[in-house]
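I opened my notebook beside the model and went through it piece by piece. Here are my entries, in the order I made them.

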Amino acid sequence: MPQALDLAAVRSFENLEFLARQLVEGFITGLHQSPYHGFSVEFSEHRLYNPGESTRHLDWKVFARTDKLFVKRYEEETNLRCHLLLDVSPSMYYPAPTHDKLRFSVLCAAAITTLLQKQRDAVGLVTFADQVELQTPVRSTSTHRHTLLLTLQQLLERPATPGRARTDVSGVIHTIAQQIPKRSLVVLFSDMLGRAPEEQTETLAALQHLRHQHHEVLLFHVMDRATEADFNFQDRPYLFEDLETGQTVKLQPSQIREQYQTTMRQYEHELALRCGQYKIDFVPVDIREPFDKVLYAYLVKRGKVR
């Protein structure tokens, strides 16, 4: 049965603030501070007047009190530009059609889209597997938000196709990094699977590429922890299928559980460590938790450390 967006849960995020921690550059007046000084109604500081300058922005009230000439230095309030990167590779359809990683990611993306549009912030959506499949403009209108939600709805209705396309997170991130002209917030939803362990350094290098260009990066590492991290399967023979390649292997979970858990812990530790080094917000996600609970907890934490 086609899944539907939980619009009530999505709309519950309309009044939450999602302000970028770093200075961002936008294109219309909004809630976020720009690194450039303009002529808005709020000013950030005073500086002494230099003879020969225009007197247009002199603060005459300060002059009346101090008998010194000071110039108001304004700070523009501008919009956040947010790029939502959504992994739609076959592994994101695990473990079940009505409760998979893609559904969790779509709901979070829909909530963030609603939240930011409410603040007049600009949002764009990128879906990808081995390459970019869809890339929308970055806009802040209600019409654009409606279009994004329809697109997300369609993703829920699209069936999984094992072996359709392998995940290439690093390639896509490098591509997007070259296309984003202004400092932005980049939110990535992915299980970060589908590549050999020795190739994970490429993904980390791609994330560093975004940070090098001064983008703020947020990674939701989406997993079904019971099976993908803990390998919690009954002790009987299983036929495991690689959703990225279609390859299958038959084995007894107890034979490899300890080695599997050790490998996954090392991988997750390295991913979290490197994200911390690059100042990337890393959010480990268990899709068995309600999406709104996970997202709300992150936003509360984000607000406290801002």
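**Entry 1: the whole chain**

I began with burial: 46% of the 306 residues of the chain count as buried, where buried means under 20% relative accessible area, exposed over 50%, and partly exposed in between (1.4 Å probe, protein chains only). I noted that this is a predicted model, in which local features need pLDDT of at least 70 and side-chain atom pairs count only at pLDDT 80 or more, while totals for chains, interfaces and linings use all residues. Residues are numbered from 1 along each chain as its sequence is written, and side-chain values use heavy atoms, with hydrogens and water left out.

Next I looked up the elements and found nine helices and 14 strands. These are DSSP runs numbered from the N terminus, with helices (H or I) of at least four residues and strands (E) of at least two.

I also looked up the contacts, meaning heavy atoms within 4.5 Å. Of the contacts in the chain with a separation of 6 or more, 76% are between residues 24 or more positions apart.

**Entry 2: the open sheet**

In what order do the strands of the open sheet of six lie? I read the order as 9-8-5-10-11-14, with mixed pairing; two strands pair if DSSP finds at least two bridges between them. Strand 9 (132-135) and strand 14 (281-286) are the edge strands, each pairing on one side only. From one strand to the next, the twist averages 15°.

I then picked out strand 5 (residues 81-87) and strand 10 (residues 185-190), which run parallel and are joined by five bridges. His83 has Val186 in strand 10 as its bridge partner.

Two helices pack on this sheet. Helix 5 (residues 169-179) touches strand 5, strand 8, strand 9 and strand 10, and its direction makes about 35° with that of strand 9. Helix 8 (residues 253-277) touches strand 11 (216-223) and strand 14, and its direction makes about 165° with that of strand 11. For these angles, axes are lines fitted to C-alpha atoms, for helices over the stretch in contact, and angles run from 0 to 180 degrees between N-to-C directions.

**Entry 3: Ser190**

I stayed with strand 10 to look at Ser190, which lies in it. Is Ser190 buried or exposed? Ser190 counts as buried because its relative accessibility is 0%. Its side chain makes a polar contact of 2.9 Å with the side chain of Asp87. A polar contact is a pair of N or O atoms within 3.5 Å; within protein, one must be able to donate a hydrogen and the other to accept it, and residues adjacent in sequence count only if both atoms are side-chain atoms. Leaving aside neighbours within four places in sequence, the contacts of Ser190 include Met92, Val169 and Phe220.

I checked the length of helix 3 (residues 101-118): its 18 residues should span 26 Å at 1.5 Å a residue, and its end C-alpha atoms are 26 Å apart, which agrees. The expected span is 1.5 Å times one less than the number of residues. Helix 3 is mostly covered, with 16 of its 18 residues buried. At its start, a side-chain oxygen of Asp100 comes within 3.4 Å of the backbone nitrogen of Leu102.

Arg120 lies in the loop between helix 3 and strand 8 (122-128). Arg120 has a positive phi of about 70° although it is not a glycine, and it counts as partly exposed because its relative accessible area is 45%.

**Entry 4: Pro95 and Thr227**

I found a cis peptide bond from Tyr94 to Pro95, with omega near 5°. Pro95 is in strand 6 (residues 95-96). Thr227 is 132 residues from Pro95 in sequence, yet their C-alpha atoms are 8.7 Å apart in space.

Thr227 belongs to helix 7 (residues 225-229) and counts as buried because its relative accessibility is 10%. The side chains of Thr227 and Asp224 are joined by a polar contact of 2.5 Å. Beyond its neighbours within four places in sequence, Thr227 is in contact with Tyr94, Asn232, Phe233, Tyr260 and Arg288.
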